[in-house]
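Here are my notes on this one, as numbered points. Have the model open while you go through them.

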Amino acid sequence: MSSETLAAGAGTPARREPRHGWRLFAIWFVLSLAACLVIWFVWYPHLPPGRMSDSASGQQFDIAVLAITGAPVLIGVVLYFSYAIVVWRARPGDDSDGPAIQGNIRVQAAWIILTAATVLWAFVFGTVELVVPAGAGGGEGPSPIWKLAGTQSSTWTPGTNTMLQVQVIGQQWVWTYRYPQFGGFESTQLYLPVDTPVEFHVTSLDVIHEFWAYQLGVKADANPQVDNVAYTTPKQLGSVTVRCNELCGIWHGAMYNFGHVVSQSAFQSWASGVQAKEQADGLLAALPPYALHYDPTVIPQLGSNLVKVVGVTGAAGYYYNPGNPVTP
Amino acid sequence: MSVPARAAALVVAFLCVVGLGIFVVVYYIGSATTQLPIVHYTASGGQVNVALQEDPQNDSATRPDWVTYYTQDPTTKQWLHTTLFSVPANTKVNVTIYGYDGCTPLRNNYWSQVQGTLGGTVTVQQYNKDNKPLGGPATESVINSWADCNVAHTFAIPAIGLFVPVASPNANNSVNNLCGSSPCTPTSGGAYAAETFSFMSPSHTGTYRWQCLIPCGGGFVDGNGGPMQTLGWMMGEMDVVSS
């Protein structure tokens, strides 16, 4: 890449090659700086999943930082190949070989140092972002490795820093939500109070689903007999799209609904209202005691005589045996 | 081989592959839905009357043991083995579901609650195998499937928030007395339940899927396969058309 003086041919005056390395660096630097500025100031505020929760903001930040990390690399690769194609292409009638490739210790050292630094930076940044902030996918679960954003309690009241517990139950092909701090009522509606740490307990009644509250930046597998815990704190009022993100059957694509982030007082009013209605209807008494997960083959409340065969169910008030009526 | 011949062979091979792909899509995927008839319900006096029945078996040649829904043609009154029907938009839909299948406990007893119907209730009348009513009709907002095993399936249209537990025949009365030949009728010798409810069809036209929420695919792991995953059996589509 350093400038060299090459003889163009016998009897021809020597032509001084331009300093390709510095020229490439200058172009790369300007383009990379421009790209990084555009990413940070123009693209970043509009990146998915938005800033509706601390989890979502964290993911948006991560995407922006990684984009800024990757943009100079991409620009460097594309620029080099474009430059080579344009500047070092073979001219018409030129059948000669190119100059011999010789080692350049400075280029090699720069290449190794820069690529190592880039990869190590991605490793450190990715590890820290996975572990430290809540909601980024690591360090969560029933025993999170960082201090929770709120306190855990069996009740929830507005204006406190108590975490709201919401159990998310997947089932082909609907979501239901259970609120253990409000008598364990269940609803097809997801309501969350703003500025409140939320503790999702995600499970399934049948096959594997995945709870994806898009604008909140929350994704958690919903597995039968598993309590998968994820945390977030909604920061903005608005609507949340909830999708299943794990292929779960013929109507997987239709397994979505919409949640709502509302004020704390509005949430208190909604939750109390639903709890009172389900209490009055007798539904609360009909629901099983709150549990962190459910065995799809067992309904203990019905008595063991109704649960005869593991994994195979049937009609007429009992479970079919594997050969009745048809063996798969 | 000459260049034109090679080019021609390449084009022919390409067309064969494309044709095979089109055949697979049209013949296998397309036919999966087009074979089912669609029952069209038209409004009379601003209302439509939809009639369904769910049976413990069916009259198909391939899957006679699968539990299934049937839909009644409003003109001929014949029961068709389909779960596709259409209703006008923004219209009161009166539904009658005849439950000939025995009870199955709900996995999530939350679905015992009636949701999305006009008034938030359903009216249930159970009959014995001689077509005699057992008691009087009962209007319920919750049919607790875990308390007395009176729910066989559910009828749910999640997109409009309609979730209805479908009553089964009385558990004690229907022991060994379920209808054994489909489509069933009140006089075919099986105990049954008739459940009625109403809801408003959406104002937006389109296709709304409906399904049973009880894993009732007997013989399949956790009851989730077979009829639970197949159009025409325990799941269907409601087309909402311009009124």
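1. Start with the helix pair in chain A: α1 (residues 20-43) and α2 (residues 54-87) have axes that come within 9 Å and cross at roughly 150 degrees. Axes here are lines fitted to C-alpha atoms over the stretch in contact, with angles running from 0 to 180 degrees between N-to-C directions. Anything over 145 degrees counts as roughly antiparallel, so α1(A) and α2(A) get that label. Their crossing is right-handed, that is, the near helix is turned clockwise from the far one by less than a right angle.

2. A caveat before going on: this is a predicted model, with local features needing pLDDT of at least 70 and side-chain atom pairs counted only at pLDDT 80 or more, while totals for chains, interfaces and linings use all residues. Residues are numbered from 1 along each chain as its sequence is written, and chains are lettered from A, ligands numbered from 1, in the order in which they are written.

3. What lines the helix contact? On the α1(A) side you'll find, among others, A:L24, A:W28, A:L31 and A:W40, and on the α2(A) side A:I68, A:P72, A:L79 and A:Y83 are among the partners. Contact means C-beta atoms, placed from the backbone, within 7 Å. The residues of this contact divide into 17 nonpolar, two polar and no charged (nonpolar: Ala, Val, Leu, Ile, Met, Phe, Trp, Tyr, Cys and Pro; charged: Asp, Glu, Lys and Arg; polar: the others, Gly among them).

4. Chain A overall has five helices and twelve strands, taken as DSSP runs (H or I, at least four residues, for helices; E, at least two, for strands) numbered from the N terminus. Of its 328 residues, 29% are buried, meaning 20 or more other C-beta atoms within 10 Å of a residue's own.

5. Chain B comes to two helices and 13 strands, and 48% of its 243 residues are buried. Its C-alpha atoms fill a box of roughly 85 × 40 × 35 Å along the principal axes. The domain assignment, automatic or from a database, gives domain 1 (1-35) and domain 2 (38-241), with 43 Å between their C-alpha centres.

6. Have a look at B:T68 in strand β3 (residues 68-72) of chain B. B:T68 counts as buried because it has 26 C-beta neighbours inside 10 Å. Beyond four places in sequence, its contacts include B:E54, B:H81, B:P227 and B:W233. B:P227 is 159 residues away along the chain, yet the two C-alpha atoms are separated by 6.9 Å.

Definitions and conventions. Angles under 35 degrees count as roughly parallel, over 145 as roughly antiparallel, 65 to 115 as roughly perpendicular and the rest as oblique. Two residues are in contact if their C-beta atoms, placed from the backbone, lie within 7 Å. A residue is buried if 20 or more other C-beta atoms lie within 10 Å of its own, exposed if 12 or fewer, and partly exposed in between; C-beta atoms are placed from the backbone.
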